[in-house]
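Look at the model below and find the second ligand.

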Amino acid sequence: MRQTSQISKLTSLRASFAVLSIFALSSIAVPAFAADPAKMAPTAEAKPAVPAKPKVDPVAGEALYNSGDTTRGVVACITCHGPKGQSAVATWPKLSAQHAAYTAKQLKNFKEGSRANAIMMGMSMPLNDQDMVNIATYLSQQTPSQGVAQSKETIELGKSIYRGGIASKGVPACAGCHSPNGAGIPSQYPRQGGQWAEYSYNQLIGFREGTRKNSVQMTTISSKLSDQEMKAVSDYMAGLH
Ligand code: HEC
Ligand code: HEC
């Protein structure tokens, strides 16, 4: 008797956890049953971690991006990433026109620590999944920010790596995933065109050194690149559009 009731308790816990996970992950298309309060609250644990806002809300995302929320400790992203995500400073990546799913994933990864960065870990900590999707969607709707390649000496090397990879070292063409014009391919493959070269270079180093371990593909690719090749391709990507 007792065992049976424990099992059924476990099953219902598991079911409510599944409902919650689906609810948390799919803020774009929340399944109809998630909105049913009777099914949302079968146990005490079922209190939703995310406020019941099933729709993506880029207007709320814009407000949070521009003004933060002092009551929750959210710092205004605009302070570093610039108006509409078009950062004017190389230390802070451009976020405009980036694919929403990619941006939301990064915010999650910073929070969890699979992408180790002290500043962004702090910034993402007070954000819930709905905030992340809202901000990411707002940013994806902004105009891409363009840049220029700075180094004439390495532009040919950068271009050949980006377009053709390095066959002798088994490095695939970056264009294969990040697209020939650097716009990326929704939703997994981020936009690279116009990004600050210093930032991209730091990311390649981070993938290789293991501080950024949120992509098996990029860990493998970066492990085959020399510093000079990373610099050349990063500079080339900054001028891509
Ligand atoms: C104090 C400056 C600062 C503030 C404020 C800030 N960021 Fe950042 N952000 C950074 C830095 C620095 C990086 C680069 C981290 C790294 O090297 O991995 C970054 C990286 C990111 C990235 C990764 C971009 C990519 O292409 O992968 C996203 C997304 C991001 N920030 C979103 C936000 C959001 C959303 C907010 C507001 C809630 C915010 N940031 C507030 C400094 C800041
Ligand atoms: C097989 C597909 C694939 C190929 C080929 C590829 N990438 Fe990537 N790249 C990805 C994925 C996926 C991500 C996003 C990882 C994540 O989710 O954090 C990424 C992320 C990046 C980032 C971080 C972007 C940011 O905004 O933080 C840089 C920089 C990058 N790639 C550079 C390159 C370069 C340079 C090459 C060519 C030498 C290359 N990639 C080839 C799949 C690929």
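Ala, Val, Leu, Ile, Met, Phe, Trp, Tyr, Cys and Pro count as nonpolar, Asp, Glu, Lys and Arg as charged, and the others, Gly among them, as polar. On that basis, the shell around ligand 2 has 12 nonpolar, eight polar and one charged residue. This is a predicted model, in which local features need pLDDT of at least 70 and side-chain atom pairs count only at pLDDT 80 or more, while totals for chains, interfaces and linings use all residues. Residues are numbered from 1 along each chain as its sequence is written, and chains are lettered from A and ligands numbered from 1 in the order in which they are written.

A residue is near a molecule if its C-beta atom, placed from the backbone, lies within 6 Å of it. Of the 21 residues around ligand 2, Pro172, Cys174, Cys177, Ser200 and Ser215 come nearest. The elements giving two or more residues to this shell are helix H9 (175-178), helix H10 (197-209) and helix H11 (216-222). Helices are DSSP runs (H or I, at least four residues), numbered from the N terminus.

Which residues of H10 are buried? They are Ala197, Ser200, Gln203, Leu204 and Phe207, where buried requires 20 or more other C-beta atoms within 10 Å of the residue's own, exposed 12 or fewer, and partly exposed a number in between. Seen down the axis of H10, the buried residues fall within an arc of 125 degrees (taken from the directions from the axis to the C-beta atoms), so they line one face of the helix.

Val75 lies in the loop between helix H3 (58-67) and helix H4 (78-81). Val75 is partly exposed, with 16 other C-beta atoms within 10 Å.
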